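Take a look at the model below.

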Amino acid sequence: MNTNDIFSLNRFALYFKKTFTEDRRKYLLQMAAVAAGCIFVILFIAFTDSGRYQHYNEYIAHYYQGTEFLDFYIMFFIGTIALFATNMFSNLNDKTKRIATLTSPASTLEKYMTRWILYVFIPIIMGVVICVCSELIRCGVMSAIYDDPNNIIHPIGTNIILGDNPPYSNPVPTVMAMGILAQSLFVLGSAIWPKISGIKTIAAVAILVFAYAMFGYGLSELFLSDGSYYPNILTLEQSVNLGFATIAAGILTNYVIAYYRFKEQEIIQRIL
């Protein structure tokens with residue numbers, strides 16, 4: 001019986017506590033630095049753009065609703081979860097830490113889930129919390145500075161983020177899902193290349209995207225050279241649902257491959 005895939009809740013809790021305690025200072029400092037950076041940048045953008053919005057009536061409504069800051073929050077969220085994902089297996093790069101990790105009294109599944117929670121799940125939650133807190137701070141600071149009873153500064157509403165009929169009426173949910181897909185790719189990259197995984201993953205993804213684009217372009221030139229195209233056979237809802245299903249399958253596949261890569265590292269270390 002393969003004990004590496006056995007999951008014991010009690011043993012998992014002890015290993016999770018041990019891992020978090022050892023890296024707690026570094027982990028919390030990274031979170032604090034990310035939060036401080038987000039708040040600083042959002043306030044910087046608010047202050048530098050405030051003059052333009054205050055003097056042109058056609059922009060005032062957008063400024064007070066916060067629509068101009070939504071793009072930044074999306075990029076920040078994706079950047080944050082990708083940054084933490086690149087560190088999921090970073091300690092496997094150092095021989096001493098690799099031996100200590102792979103020989104710890106826990107199954108491979110428990111070790112993997114511990115890292116998944118610390119470097120995937122928690123950063124997603126913290127990314128959302130940091131964005132919400134930054135938006136509330138922005139509204140509070142700008143309301144104190146520009147006290148205008150006719151134009152109250154409100155946080156970005158869910159109607160702006162999701163639209164009237166999510167996810168079909170607004171691309172934000174799709175972009176966020178693609179960001180989580182990118183996060184899973186960085187986890188896989190960290191499992192394959194523990195050293196400088198972020199740069200290597202970006203390079204590998206860029207090469208794959210370019211190859212697929214060229215492949216698609218070649219097929220279109222080969223089969224659609226006469227200018228005729230096949231009619232759409234899917235509705236918008238069906239296309240979006242298919243897209244989300246494809247993204248979900250890609251995310252699951254990346255995490256499964258990353259797990260077996262991590263498991264392979266443990267087997268190799270035990271042989272050595």
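Which residues in α4 meet which residues in α8? From α4 come Leu 70, Ile 74, Phe 77, Ile 78, Ile 81, Ala 82 and Ala 85. From α8 come Val 172, Val 175, Met 176, Gly 179, Ile 180, Gln 183, Phe 186, Val 187 and Ser 190. By class, the contact of α4 with α8 has 13 nonpolar, three polar and no charged residues. Here Ala, Val, Leu, Ile, Met, Phe, Trp, Tyr, Cys and Pro count as nonpolar, Asp, Glu, Lys and Arg as charged, and the others, Gly among them, as polar. Contact means heavy atoms within 4.5 Å.

**Ground rules**

This is a predicted model, in which local features need pLDDT of at least 70, side-chain atom pairs count only at pLDDT 80 or more, and totals for chains, interfaces and linings use all residues. Residues are numbered from 1 along each chain as its sequence is written, and side-chain values use heavy atoms, with hydrogens and water left out.

**The whole chain**

The protein chain has ten helices and zero strands. Its pattern along the sequence reads α-α-α-α-α-α-α-α-α-α. Helices (H or I, at least four residues) and strands (E, at least two) are DSSP runs, numbered from the N terminus. The protein chain has 272 residues, of which 35% count as buried. Buried means under 20% relative accessible area, exposed means over 50%, and partly exposed lies in between (1.4 Å probe, protein chains only). Take the contacts in the protein chain with a separation of 6 or more: 78% of them are between residues 24 or more positions apart.

**Two helix pairs**

Two packed helices are described by the angle between their axes and the distance between the axes. Axes are lines fitted to C-alpha atoms, for helices over the stretch in contact, and angles run from 0 to 180 degrees between N-to-C directions.

Start with helix α4 (residues 70-85) and helix α8 (residues 172-192). They pack at an angle of about 20°, with their axes 8 Å apart. That makes α4 roughly parallel to α8. Angles under 35 degrees count as roughly parallel, over 145 as roughly antiparallel, 65 to 115 as roughly perpendicular and the rest as oblique. The crossing of α4 and α8 is right-handed. A crossing is left-handed if the near helix is turned anticlockwise from the far one by less than a right angle, and right-handed if clockwise.

Now take helix α1 (residues 9-22) and helix α6 (residues 108-145). Their axes come within 10 Å and cross at roughly 50°. α1 and α6 are therefore oblique to each other. Their crossing is right-handed. On the α1 side, the contact uses Arg 11, Phe 12, Tyr 15, Phe 16, Thr 19 and Phe 20. On the α6 side, it uses Glu 110, Lys 111, Met 113, Thr 114, Ile 117 and Leu 118. By class, the contact of α1 with α6 has seven nonpolar, two polar and three charged residues.

Ile 117 lies in helix α6. Leaving aside neighbours within four places in sequence, Ile 117 is in contact with Phe 12, Phe 16, Ile 122 and Pro 123.

**Serines in α8**

Ser 190 lies in helix α8. Ser 190 is buried, at 0% relative accessible area. Not counting residues up to four places away in sequence, Ser 190 touches Ala 85, Thr 86, Asn 87, Met 88, Phe 89, Ser 90, Ser 197 and Thr 201.

Ser 184 also lies in helix α8. Ser 184 counts as buried, at 0% relative accessibility. Beyond its neighbours within four places in sequence, Ser 184 is in contact with Gly 250, Ile 251, Asn 254 and Tyr 255.

**Distances across the chain**

Ala 249 sits in helix α10 (residues 236-271). Ala 249 counts as partly exposed, at 39% relative accessibility.

| Residue pair | Separation along the chain | C-alpha distance |
|---|---|---|
| Ala 249 and Leu 181 | 68 residues | 9.4 Å |
| Ser 190 and Ala 258 | 68 residues | 8.3 Å |
| Ile 117 and Met 88 | 29 residues | 9.8 Å |

**Cysteines**

A disulfide is a covalent bond between the sulfur atoms of two cysteines. The cut-off used is a pair of cysteine sulfur atoms within 2.5 Å. How many disulfides does a search of the whole structure find? It finds zero.

Cys 131 is buried, with a relative accessible area of 12%.

Cys 133 is in no disulfide, and the nearest cysteine sulfur, that of Cys 38, is 9.5 Å away. Cys 133 is partly exposed, with a relative accessible area of 38%.
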